[in-house]
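Here is a short tour for anyone new to reading protein models. Take a moment to look at the strands and helices before you read on.

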Amino acid sequence: MISDYLAFFKRGLLTGGMLLYTVSQTFALPANDLPEDSLVTSTRQQAIAFLDEIKGLGPSAAWPHIKPALFLQNLRTNVEQPASIYPGNGTNFCGYGALTYLFLLDDPLGYAKLLTQLYREGTASFGKTLFTPSAAIKKAAGTLRFKGVLDIRPAEQLWFLCLADHYKGYLNFLNRRYDPGDEDRFWASVNYAKFNRMLRKLLRYKVKARGADLVRPRVGDRYDHINERMKTGTVVLYINNRIIHKKNHVNIKLGFPTHFIVAEKISLENDLVTLVYWDYGSKTLLQLSPAFLKRVIYGITYCTKNEPGDD
Amino acid sequence: MIKTAISILSSCIILCMLSCSSRNITAKYYYEHEQTLNRIEESYQDLYRQQPFTVAFTAKDFKTISLEIITDTLSYIYEFPLHESRLTDTLVKYGLPAPGVIELIRQMQSIRCTWTNMLTYYVDEKKNSMVFMSVKSVKRVLPLSYKKYYVLAYFSQPQSFDGSGKLLDKKTTRRLRKINGQTFNRINDKVCYTISGHFR
């Protein structure tokens with residue numbers, strides 16, 4: 001399907017002389033377009049079968065503001081359409097969103113079991129990680145509002161709040177305890193090292209990261225580097241989104257990364273890079289010059305599947 | 001001498017901060033440009049019903065637009081100079097009435113309206129939509145001033161407000177509704193405004 005989009009864009013009207021444009025897919029990909037290879041830890045069908053077995057899920061004492069039916073429906077939507085994961089308008093949940101998207105692609109059954117256990121018991125373990133969300137988180141999950149479709153996604157609210165509560169980086173140093181509204185503040189921020197640490201702890205991937213929060217990666221040609229790695233693994237990019245999606249008319253844009261995206265496809269033609277990536281509940285096609293690509297990227301995380309016994 | 005310099009510097013900083021006050025732009029702006037603003041909102045609603053899209057002026061000179069056309073499966077976002085024929089070609093290709101959209105863009109340009117969009121929000125798990133418009137301040141603002149955009153929210157239903165005119169989440173709660181992280185003030189039952197450093 002993505003190749004159809006690319007072919008469409010190569011057909012003239014949309015490519016002529018344009019310096020930069022983006023194409024967002026606002027609706028989730030149909031299920032048959034999702035990657036489903038033999039290397040995944042579990043399959044979507046296993047996760048759906050697990051969710052089908054849950055009958056009469058009642059209210060949870062641990063999460064007083066989460067409605068069980070909506071929670072279960074939300075889990076099912078995420079398992080069936082991982083691309084629909086939505087970190088919310090104006091929040092700092094984008095890093096957790098990218099992580100969750102990868103989680104759902106690799107191990108939807110693990111995701112469904114972990115979130116169900118968290119909902120039922122208030123705590124849950126996954127691998128060597130034990131999630132023990134704070135009382136403030138439990139009270140807040142299900143009440144986040146004015147965040148777009150995240151308003152009606154209690155499972156995402158619960159999960160993103162748990163991740164932000166559990167994993168800390170230097171950006172969270174001054175705001176370590178959740179207060180209402182902190183999902184938009186430094187409490188929820190994800191620096192590059194923290195993002196890679198979460199990937200290593202939660203997902204069954206080998207993770208190699210190049211780049212840093214304030215220094216661009218020294219990897220030579222960005223296109224070649226990303227393209228090579230996408231042939232053998234999954235690539236997450238840490239980018240400065242403020243120069244892609246302008247929000248004001250200031251001339252000087254601060255040079256630091258703000259956003260995590262999952263690269264889906266990349267190609268180069270006529271000195272124009274076409275990058276298809278996932279972020280914010282949709283897929284985006286972005287065409288940009290190699291120089292602009294170099295300017296926006298601050299981190300390149302390369303994930304390959306763990307071999308049996310690597311755990 | 002050093003103390004005097006520090007005092008002068010402090011005063012300058014305070015003056016710069018005061019210049020950020022929302023008093024620079026108030027609801028008066030709406031009444032001064034009510035007809036044009038309402039015309040933009042109405043024509044945007046009409047055109048949006050035919051084919052969902054959004055428009056933003058991305059450059060300071062108001063000569064470059066970002067046009068997003070939303071189809072069932074994809075949203076196409078273009079950025080190109082206003083004078084180029086590709087604008088009309090693109091509108092025609094996606095079945096938008098080109099003269100109507102171009103007239104809308106001209107109206108937006110005339111009052112420095114930077115962004116028009118349809119936003120969704122939820123009340124009691126029910127989806128609602130509103131028209132969101134940002135206008136770049138026509139008043140002179142100092143270089144360090146933050147509040148540069150006058151943002152209007154057009155609702156389709158009358159809204160609830162607290163005693164000081166702040167937009168509430170719903171009738172039965174005192175919780176303030178935030179849109180893109182901003183609280184909004186009443187202009188009339190269906191239109192609210194805020195001042196922001198961002199146009200979206």
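Strands β4(B) and β5(B) form a hairpin, with two residues between them. In the turn sits B:D124, which has a positive phi of about 50 degrees. Keep in mind that you are looking at a predicted model.

How do the strands of this part of chain B pair up? The table sets out two pairings, each with one pair of bridge partners.

| Strand pair | Bridges | Direction | One pair of bridge partners |
|---|---|---|---|
| β4(B) (residues 113-123) and β5(B) (residues 126-136) | ten | antiparallel | B:W115 and B:S134 |
| β5(B) and β6(B) (residues 149-155) | seven | antiparallel | B:V131 and B:Y154 |

Now turn to the helices of chain B. Helix α3(B), residues 34-50, packs with helix α5(B), residues 98-110, at an angle of about 150 degrees. Because angles over 145 degrees count as roughly antiparallel, α3(B) is roughly antiparallel to α5(B). Their axes are 10 Å apart, and α3(B) passes α5(B) in a left-handed crossing. On the α3(B) side, the residues that meet α5(B) include B:I40, B:Y44 and B:L47, while B:V101, B:L104 and B:M108 are among those from α5(B). The residues of this contact divide into six nonpolar, five polar and one charged.

Finally, a look at chain A. Its secondary structure comes to ten helices and nine strands. Of its 311 residues, 43% count as buried. Among contacts in chain A between residues at least 6 apart in sequence, 68% join residues at least 24 apart.

Conventions. Residues numbered from 1 in each chain as written. Chains lettered and ligands numbered in written order. Predicted model: local features only at pLDDT ≥ 70, side-chain atom pairs only at ≥ 80, totals over all residues. Axes fitted to C-alpha atoms, helices over the stretch in contact; angles between N-to-C directions. Helix = DSSP H or I, 4+ residues; strand = E, 2+ residues; numbered from the N terminus. Parallel < 35°, antiparallel > 145°, perpendicular 65-115°, else oblique. Left-handed = near helix turned anticlockwise from the far one by under 90°. Contact = placed C-beta atoms within 7 Å. Nonpolar A, V, L, I, M, F, W, Y, C, P; charged D, E, K, R; others polar. Buried ≥ 20, exposed ≤ 12 C-beta atoms within 10 Å, placed from the backbone. Pairing = 2+ DSSP bridges.
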